[in-house]
Amino acid sequence: MSKALGTFALVTVLSALLMALSLAVARHGYPYGAFGMKRLDGIADAGSFLAIAAIYFFSALLMMILPIRAAGIVLTHAADAIFWAAIVLFATIVGSLLARFAFGQGSALWALLNWRFLFVAAIVVAHLTMNELRRNILLRSLFFVIFAAATLACLFWSFSV
């Protein structure tokens with residue numbers, strides 16, 4: 001947990017510094033600042049977490065039914081990577097929005113109230129509780145169904161509102 005929080009904090013600070021640099025350059029009238037802001041804003045979409053969550057929940061579903069060795073391979077080669085990608089992507093979004101807030105765009109932080117960011121929380125909670133889910137056969141069976149439903153919902157449900 002502390003490694004995840006440390007990574008989140010560091011990536012947030014780094015992306016905030018890059019966004020602040022881009023905003024400062026743009027404020028002085030150079031077009032390169034707008035390019036930097038556009039690149040950082042390009043990944044700041046809460047909707048991108050739907051696909052990431054679908055892949056993570058599918059790998060979690062596999063970990064519930066596979067034998068321990070195969071589940072370990074899925075964990076280390078898929079679920080861990082997706083977990084860290086979700087943390088880094090969310091930290092980049094938070095850092096960019098914090099820099100915009102610091103540069104006088106007071107409404108920038110309201111973007112964090114998008115309900116689709118709950119998928120990041122779901123990935124983090126599922127990943128941090130995966131050991132407990134694997135140990136208990138009842139929880140494993142229950143979460144097999146939950147992860148299957150979550151995977152299908154992330155893939156096929158229209159989360160338009």
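Q: Which residues does Phe147 touch, not counting residues up to four places away in sequence?

A: Contact means heavy atoms within 4.5 Å. With residues up to four places away in sequence not counted, Phe147 touches Phe57, Ala60, Leu61, Met64, Ala126, Met130 and Leu133. This is a predicted model, in which local features need pLDDT of at least 70 and side-chain atom pairs count only at pLDDT 80 or more, while totals for chains, interfaces and linings use all residues. Residues are numbered from 1 along each chain as its sequence is written, and side-chain values use heavy atoms, with hydrogens and water left out.

Q: Is Phe147 buried or exposed?

A: Buried means under 20% relative accessible area, exposed over 50%, and partly exposed in between (1.4 Å probe, protein chains only). Phe147 has a relative accessible area of 3% and is therefore buried. Phe147 belongs to helix H7.

Q: What are the secondary structure elements of the chain?

A: Helices (H or I, at least four residues) and strands (E, at least two) are DSSP runs, numbered from the N terminus. The chain has seven helices and zero strands, and its elements run α-α-α-α-α-α-α from the N terminus on. Its C-alpha atoms fill a box of roughly 60 × 35 × 20 Å along the principal axes. Of the 161 residues, 37% count as buried. Among contacts between residues at least 6 apart in sequence, 74% join residues at least 24 apart.

Q: At what angle do the axes of helix H3 and helix H7 cross?

A: Axes are lines fitted to C-alpha atoms, for helices over the stretch in contact, and angles run from 0 to 180 degrees between N-to-C directions. The axes of H3 (residues 48-65) and H7 (residues 137-156) cross at roughly 155° and come within 8 Å. H3 is therefore roughly antiparallel to H7 (angles under 35 degrees count as roughly parallel, over 145 as roughly antiparallel, 65 to 115 as roughly perpendicular and the rest as oblique). The contact of H3 with H7 comprises 16 nonpolar residues, one polar and one charged (Ala, Val, Leu, Ile, Met, Phe, Trp, Tyr, Cys and Pro count as nonpolar, Asp, Glu, Lys and Arg as charged, and the others, Gly among them, as polar). Among the H3 residues that meet H7 are Phe57, Leu61 and Met64, and the H7 residues include Arg140, Phe147 and Thr151.

Q: How do H4 and helix H5 pack, and at what angle?

A: H4 and H5 (residues 118-128) pack at an angle of about 140°, with their axes 10 Å apart. H4 is therefore oblique to H5. The contact is made by Leu75, Ala79, Asp80, Phe83, Ala86, Ile87 and Phe90 of H4 and by Val120, Ile123, Val124, His127 and Leu128 of H5. By class, these are 10 nonpolar, one polar and one charged residues.

Q: Which residues is Thr92 in contact with, leaving aside its neighbours within four places in sequence?

A: Thr92 is placed in helix H4 (residues 68-102). Its contacts, leaving aside neighbours within four places in sequence, are with Val11, Ser15, Leu40 and Ile43. Thr92 is buried, with a relative accessible area of 10%.

Q: Where does UniProt place the feature "transmembrane region"?

A: UniProt positions are given in the numbering used here, feature names are shortened, and annotations may be inferred rather than shown by experiment. The unreviewed UniProt entry places this feature at residues 48-69, 81-103, 109-130 and 137-159. Residues 81-103 are 96% helix and 0% strand, with end C-alpha atoms 33 Å apart. Residues 109-130 are 55% helix and 0% strand, with end C-alpha atoms 31 Å apart.
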